[in-house]
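Please look through the structure below before reading on. The paragraphs after it go through selected parts in turn.

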Amino acid sequence: MSRAALLVLADGRFPAGGHAHSGGAEAAVRAGRIHDAASLEAFCRGRLHTAGLVAAGLAAAAALGLDSVELDAAADARTPSPALRAAARRLGRQLLRAARATWPAPELEALAAAFPRGAHQPVVLGVTARAAGLQPLDAAHVAAYESVGGPATATVRLLGLDPFEASGVLARLAPVLDAVAEEAAAAALAARRDGPTALPAASSPLLDISAEAHASWPVRLFAS
Amino acid sequence: MAAAGAGLRATARIRAVADGRGGTALPLLAGEGPLALRRTRSTGAGGAGGASVTLVGAMSAPLGGDHLAVEAELGPGARLTVGSAAATLALPGRDGAPARYGTRLVLAEGAALRWLPEPLVSVRRSDLRVHTRVELAPTARLLLREEQVLGRAGEEPGLLRSRLTVSLGGRPLLDQELACGPGAPGGWDGPAGLAGHRALGQLLVVDPRFAEHPPPAGPLGDLAAVTPLAGPAVLVTALAPDALRLRAVLDAAIRDHDW
């Protein structure tokens, strides 16, 4: 594996459009559920174990080379909110554009041909990791990190939270993040044997509910 | 019913078939152990020609270590409504082993099932794993309600893991797992979890007509939302302070949409 490729893929400056999404933090801030570093940490912890784990499982499975059409259907089934499905496909499309330019590979071309309207972002992330010579566990790490990095950065902007405090939240979550990535990579191996139902399906009712409310706001800072 | 190891094993089975005269017959209606089945008078809720069954919990179950299962199979064109007489209580066992409750629903072409059990209450120190698997033929119709209540009034909940896996025509339609209570992964009760709410529920409606005319997505008050899935189905997800207010939201959704 190339450790440098992992840094390029996980870098917030990688032009894949993630900065426009708050991972549900904008709705949680508006509802008063995120109001300081402690509540941001609780939010990120919950998101990491639900949306983060699911994304990490899909990314690891795609990096392992499992069928992307089947994985995309598994992602749909794990994403009841149409607002979140649309966001995941938009992000997938943007990531694929950046990935094809960065790590040209037949697998990425095939993915673009199979999903003209965009595949779920974690599936694209996994295929991208594979094209970059990374392992399934690396892809799981990136997906898990994105699931909390997005809300943390967004909360700095939304709440004027001290960026040092936001970084502290992410640092405190690091051991859990490692564990989630490892669980996801193990599930990807199980999925190779038993099919995508072996992938995690952890859900958060409140994230789904508030995603729909957020999508109906006339004015918002973040796309999701 | 077999008393294997610490807990009991029991499976209740229902088979419903169209009787060829516009009605539905129940060639198999077999309870076991704490799971008793009663054929009940059709209320009309399942539509004309539908059969109706009530699941009667004859004992408090599941206890830790128990493995309970309910299986319902609907043949082509069969119509069935299943309810339960009372809430299901997840109770702690003696040795701390988790209890399991599995439900498997299989619907053939043109079959219609209304699966409307009473809530599942996760009692303090219980540990229950629920898995509901639904396999639908492409033209089957389903209305399925799940309600989970965390603890009896004012009580701490136990650990509850509940997965709902639904396929339509062999393709995945919905796959979700909820974990909550002491021992669940961190953040379950936080701002990206239940945020202190003690009742949550879902209503899954699958209808081939939604392929053309899906109900619109959107919030349903502050704590519920209607979400059309990637197939001909819609999911209503709701949180509430308690079971009564949860039921009111889900009932209103059924009524307003005429599901």
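**Around helix H5 of chain A**

The buried residues of H5(A) pack against H4, H6, H7 and helix H10 (205–215) of chain A, together with E17 of chain B. Helices (H or I, at least four residues) and strands (E, at least two) are DSSP runs, numbered from the N terminus. A residue is buried if 20 or more other C-beta atoms lie within 10 Å of its own, exposed if 12 or fewer, and partly exposed in between, with C-beta atoms placed from the backbone. This is a predicted model, in which local features need pLDDT of at least 70, side-chain atom pairs count only at pLDDT 80 or more, and totals for chains, interfaces and linings use all residues. Residues are numbered from 1 along each chain as its sequence is written, while chains are lettered from A and ligands numbered from 1 in the order in which they are written.

Among the buried residues of H5(A) are Pro82(A), Leu84(A), Arg85(A), Arg89(A), Leu91(A) and Leu95(A). The 21 residues of H5(A) should span 30 Å at 1.5 Å a residue, and the end C-alpha atoms are 30 Å apart, which agrees. The expected span of a helix is 1.5 Å times one less than its number of residues.

Helix H4 of chain A (residues 68–77) is largely enclosed by the rest of the structure, because eight of its ten residues are buried. Ser68(A), Leu71(A) and Asp72(A) are among these buried residues. They pack against helices H3 (37–63), H5 (82–102), H6 (106–114) and H7 (121–131) of chain A, and also against E14 of chain B.

**Chain B and its side towards chain A**

Chain B has one helix and 18 strands. Of its 259 residues, 49% are buried. A compact globule with 259 residues would have a radius of gyration near 18 Å, and chain B agrees, with 18 Å. The radius is taken over C-alpha atoms, and the globule rule is 2.2 Å times the number of residues to the power 0.38.

Where the chains meet, 35 residues of chain B are in contact with 35 residues of chain A; contact means that the C-beta atoms of two residues, placed from the backbone, lie within 7 Å. Strands E13 (159–168), E14, E16 (218–219), E17 (224–228) and E18 (233–240) of chain B each supply at least two residues of this side. E14(B) gives the largest share, nine residues. The residues of this side of chain B divide into 22 nonpolar, nine polar and four charged. Here Ala, Val, Leu, Ile, Met, Phe, Trp, Tyr, Cys and Pro count as nonpolar, Asp, Glu, Lys and Arg as charged, and the others, Gly among them, as polar.

**Strand E17 of chain B**

In a regular strand the side chains alternate between the two faces of the sheet. E17(B) is covered on both faces: Ala224(B), Val226(B) and Pro228(B) are buried on one side, and Ala225(B) and Thr227(B) on the other. Five of the five residues of E17(B) are buried, so the strand is largely enclosed by the rest of the structure.

E17(B) pairs in the antiparallel sense with E16(B) over two bridges and with E18(B) over five bridges. Two strands pair if DSSP finds at least two bridges between them. Ala225(B) is the bridge partner of Pro219(B), and Thr237(B) in E18(B) is the bridge partner of Ala225(B). The hairpin of E16(B) and E17(B) has four residues between the strands, and Gly221(B) takes a positive phi near 75 degrees there. E17(B) and E18(B) also form a hairpin, with four residues between them.
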